[in-house]
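Please examine the sequence and the three-dimensional structure shown here. The paragraphs that follow lead through the structure step by step.

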Amino acid sequence: MENANIAQIKKSIEAAQVVSFDVFDTLIVRITARPEDVFELMEHITGIKNFASERENLQMQCSIMVENTRKEPHATFDDIYKFMEEKSSLDTGRYTWEELKELELEVEKAVLVQNKPVYELFSYARSLGKRVILTSDMYLG
């Protein structure tokens, strides 16, 4: 983000009563090329063959099921792991589904970093006493 853009956004913040920021991929970003790379890292850590592709595929299936049955746009993290436990044919070895769920959270946290230019804008809005709302369509809490 260029300094000119930051200055222009700061002027918009000054004029606003309420400022909102998306959390994932805006205020914080992953240091991976794709979000799904987290699943690849988990496969590497656990040694569970085909974990990444199975995780990605079952998340998509779970989201379709949730949309069709509950009329909600996204499955929750808990929905996804419950669905995986019920539908997956993976040999998880020594790992329980609950342990894999916890590991995914750990891996996610390990690859997240602050997006400094956007955080600067967030901090600026707060310093002005603006009402700041954080939003996310991410299935993580």
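A polar contact is a pair of N or O atoms within 3.5 Å, where one atom must be able to donate a hydrogen and the other to accept it. In this structure, which is a predicted model, the side chains of R30 and E108 form such a polar contact, at 3.0 Å. R30 belongs to strand 2, which covers residues 28–30. Is R30 buried or exposed? Its relative accessible area is 11%, and buried means under 20%, so R30 is buried. Apart from neighbours within four places in sequence, R30 is in contact with F24, D25, P35, V38, E108, V111, L112 and M138.

The crossing of helix 2 past helix 3 is right-handed. On the side of helix 2, the contact is made by F39, E40, M42 and E43, and on the side of helix 3 by F51, A52, R55, E56 and Q59.

The loop between helix 2 and helix 3 contains N50. N50 is a residue other than glycine, yet its phi is positive, near 70 degrees. With a relative accessibility of 41%, N50 counts as partly exposed. In helix 3 one finds S53, which is also partly exposed, with a relative accessible area of 46%. S53 and I9 are 44 residues apart in sequence, and their C-alpha atoms lie 39 Å apart in space.

Helix 2 also packs against helix 5, at an angle of about 120 degrees and with the axes 10 Å apart. Helix 2 is therefore oblique to helix 5. This crossing, too, is right-handed. The residues V38, F39, L41, M42, I45 and T46 of helix 2 meet L100, L103, E104, V107, E108 and V111 of helix 5.

The next pair is helix 3 and helix 4. How do these two helices lie relative to each other, roughly parallel or roughly perpendicular? Their axes come within 9 Å and cross at roughly 110 degrees. Angles of 65 to 115 degrees count as roughly perpendicular, and helix 3 and helix 4 are therefore roughly perpendicular to each other. Helix 3 passes helix 4 in a right-handed crossing. Helix 3 brings F51, R55, L58, Q59, Q61, C62, M65, V66 and R70 to this meeting, and helix 4 brings F77, D79, I80, Y81, F83, M84 and K87.

One of these residues, C62, deserves a separate look. C62 lies in helix 3 and is buried, with a relative accessible area of 0%. Neighbours within four places in sequence aside, C62 is in contact with A75, D79, I80 and F83. C62 and D79 are 17 residues apart in sequence, while their C-alpha atoms are 7.3 Å apart in space. The loop between helix 3 and helix 4 holds K71, which is exposed, with a relative accessible area of 65%. Although K71 is not a glycine, it has a positive phi of about 60 degrees.

Helix 4 itself spans residues 77–87, and its buried residues are F77, D79, I80, Y81, F83 and M84. These buried residues pack against helix 2, helix 3 and helix 5.

The account may end with the nonpolar cores. How many residues are in the largest nonpolar core? There are 26, and the members that touch the most others are M42, F51, Y81, M84, L100 and Y139. Helix 2, helix 3, helix 4 and helix 5 are the elements that give two or more residues to this core. A second, separate core has 10 residues, among them A16, V19, L27 and L121. Returning to L100, and not counting residues up to four places away in sequence, one finds that L100 touches M42, T46, I48, F51, Y81, T92 and Y95.

Note on methods. Residues numbered from 1 in each chain as written. Predicted model: local features only at pLDDT ≥ 70, side-chain atom pairs only at ≥ 80, totals over all residues. Heavy atoms only, no water. Buried < 20%, exposed > 50% of the residue type's maximum accessible area, 1.4 Å probe, protein only. Helix = DSSP H or I, 4+ residues; strand = E, 2+ residues; numbered from the N terminus. Contact = heavy atoms within 4.5 Å. Core = buried A, V, L, I, M, F, W, Y, C linked by side-chain atoms within 4.5 Å. Left-handed = near helix turned anticlockwise from the far one by under 90°. Axes fitted to C-alpha atoms, helices over the stretch in contact; angles between N-to-C directions. Parallel < 35°, antiparallel > 145°, perpendicular 65-115°, else oblique.
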